[in-house]
Amino acid sequence: MSDKMSFKTLTPVPRVERLESLTLGDLNDLCDSATAAIEGGGGFGWIKVPERDVLERYWQGVVAMPSRILLVARLDGVICGTCQLMKPPPNNEAQSLSVQLTTNFVAPWARGHGLARMLLKEAEAQARAQDYMVINLDVRVTMTAAIALYEKEGFKRIGEHPCYARVNGKILKGFYYYKIISPEAAEQAT
Ligand SMILES: CC(C)(COP(=O)(O)OP(=O)(O)OC[C@H]1O[C@@H](n2cnc3c(N)ncnc32)[C@H](O)[C@@H]1OP(=O)(O)O)[C@@H](O)C(=O)NCCC(=O)NCCS
């Protein structure tokens, strides 16, 4: 018998889902993946990793807020990315047709498995299911992978903001995008 052990490579299993309540394990994974994304330079606004309790309260708050839909990406069951849909406030009846897509990231160790595209498609499905007609989003100029993804998935750029963000003392521009997800709205849009 050979004394060499043979290892079989397992194929990682990606999936996405809506998260409506938090287990302790999921909360830890959310904090870990957000930390990895912030350290990798794409931490949905955070530039420095905040204290762990701040991150924990952040995710607990997101799940508690009825105005937010939290979607998570899992690789072999471990949360490694997210995106959120922010619903308009109830007073904004005129813009009750649109949701804002935000906090979209996949931790560096889980990239390249198609999870960001799966998150985006699930966000669209969730928005449609709740009768929203439009998804809006904005993104820093430096987020080139995300920009490529949004454009491939049919988001249209409507403008740029020259003073959109400040990262490590440098002013960066940002791009604004929309996607009409309702045939009825697309027909009426001029
Ligand atoms: C953008 C991001 C979410 C992509 O995550 P991912 O799970 O690796 O992406 P996917 O595997 O689903 O790839 C989907 C598409 O993204 C684009 N993309 C992903 N990685 C890319 C890269 N390194 N360079 C260019 N485009 C890239 C491609 O268009 C790709 O489509 P393709 O496979 O048909 O070429 C991830 O890189 C990230 O978290 N970046 C930092 C945070 C960020 O920019 N968030 C957006 C803020 S609004």
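The following dialogue examines how several descriptions of this predicted model are reached.

Visitor: How far is Pro90 from Ser67, in sequence and in space?

Guide: The two residues are 23 positions apart in sequence, and their C-alpha atoms are 9.3 Å apart.

Visitor: Why is strand β6 called hardly covered?

Guide: A residue is buried if 20 or more other C-beta atoms lie within 10 Å of its own. Among the twelve residues of β6 (residues 156-167), the count of buried residues is zero. Strand β6 is therefore described as hardly covered.

Visitor: What lies between β6 and β7, and what is the phi of Asn168?

Guide: The two strands form a hairpin with two residues between them. Asn168, in the turn, has a positive phi of about 50 degrees.

Visitor: Which residues come nearest to the ligand?

Guide: The shell around the ligand holds 20 residues, of which Gly42, Arg111, Ala116, Met143 and Ala145 come nearest. The elements that give two or more residues to this shell are β4 (98-106), α3 (115-129) and α4 (144-152). Helix α4 supplies the largest share, with six residues.

Visitor: How do the residues of the shell around the ligand divide by class?

Guide: Eleven are nonpolar, six are polar and three are charged. Among the residues that come nearest, Met143 belongs to the nonpolar class, because Met counts as nonpolar. Gly42 is polar, because Gly is counted with the polar residues.

Visitor: What share of the protein chain counts as buried?

Guide: Of its 190 residues, 26% count as buried. The C-alpha trace spans about 75 × 40 × 30 Å along its principal axes.

Visitor: How many helices and strands does the protein chain have, and in what order do the elements run?

Guide: There are five helices and seven strands. From the N terminus on, the order is β-α-α-β-β-β-α-β-α-β-β-α.

Conventions
Residues numbered from 1 in each chain as written. Predicted model: local features only at pLDDT ≥ 70, side-chain atom pairs only at ≥ 80, totals over all residues. Near = placed C-beta within 6 Å. Helix = DSSP H or I, 4+ residues; strand = E, 2+ residues; numbered from the N terminus. Pairing = 2+ DSSP bridges.
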